[in-house]
Amino acid sequence: MRLDEQGLEQWGEQIGRAVTAPVFIGLHGPLGAGKSVLARAIGHGAGVEDPMPSPSYNLLLRYETDTGVDVVHVDLYRIESVDELWELGWTELGQGLEIVLVEWSERAGDHLPADRWSIRLSPAADATDLREVEVRRIGDPPELPAFPMSVSVRR
Ligand SMILES: Nc1ncnc2c1ncn2[C@@H]1O[C@H](COP(=O)(O)OP(=O)(O)OP(=O)(O)O)[C@@H](O)[C@H]1O
Ligand SMILES: [Mg+2]
């Protein structure tokens, strides 16, 4: 499935509105693929009103929402050792009412929750404004809204 930025944002907002917490979503793809665009859309759909700046320096930014669900936006691009994961409180993430969105989650190696979604964004070879979106379900995470049915899709 290929989505333009607006389509990706629409799908992300649907995820944020519909998904049941706790849920862990790993976001993959090269620099500039759109992981942060999707994380922000999910956060805003879940009720985050802040602009959600990139967590690439802080590594972890937490947002509270009116529904009692926290959105936790993490970017592991810069971690150099698993010790930094423990400093982030990694093992507790996704235990409470949280939507956990982790860019570069593959950098956590074996330390990923058994039940999770993995979303990979790849730039389309022939169009700078489109991203190929691949969704993988690992274990038994809560449902995501049906993969883009009602969002604008360009082929
Ligand atoms: N279809 C699309 N989906 C998402 N972003 C798109 C799309 N087309 C163009 N873009 C642009 O690509 C950029 C994506 O940036 P973003 O910060 O989300 O990437 P990222 O994957 O988080 O990168 P990083 O690994 O550096 O954190 C934005 O500038 C956005 O406007
Ligand atoms: Mg990013």
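View 1. A backbone N or O atom of Ala33 sits 3.1 Å from an oxygen atom of ligand 1, a polar contact in the sense of a pair of N or O atoms within 3.5 Å. The side chain of Lys35 also takes part, with an N or O atom 2.7 Å from a ligand 1 oxygen. Look too for Arg131, whose side chain places an N or O atom 3.1 Å from an oxygen of ligand 1. On its own, ligand 1 exposes 650 Å², and the protein buries 74% of that (Shrake-Rupley method, 1.4 Å probe).

This is a predicted model: local features need pLDDT of at least 70 and side-chain atom pairs 80 or more, while totals for chains, interfaces and linings use all residues. Residues are numbered from 1 along each chain as written, chains are lettered from A and ligands numbered from 1 in written order, and side-chain values use heavy atoms, without hydrogens or water.

**View 2. The shell around ligand 1.** Here you can find the 19 residues that surround ligand 1, each with a heavy atom within 4 Å of it. Among the closest are Glu5, Gly32 and Ser36. Strand E7 gives the largest share, 4 residues. By type, the shell holds 8 nonpolar, 4 polar and 7 charged residues, with Gly counted as polar.

**View 3. The magnesium ion.** Ser36 (OG) and Glu103 (OE) coordinate this ion, ligand 2, at 2.1 Å; donors are N, O and S atoms within 2.8 Å of the metal (3.2 Å for Na, K and Ca), and water is not among the atoms, so the site may look incomplete. Ser36 belongs to helix H2 and Glu103 to strand E5 (residues 98-103), so the pair ties together parts 67 residues apart in sequence; helices (H or I, at least four residues) and strands (E, at least two) are DSSP runs. Glu103 is buried at 3% relative accessibility, where buried means under 20% relative accessible area (1.4 Å probe, protein chains only).

Technical notes: A polar contact is a pair of N or O atoms within 3.5 Å; within protein, one must be able to donate a hydrogen and the other to accept it, and residues adjacent in sequence count only if both atoms are side-chain atoms. Buried means under 20% relative accessible area, exposed over 50%, partly exposed in between (1.4 Å probe, protein chains only).
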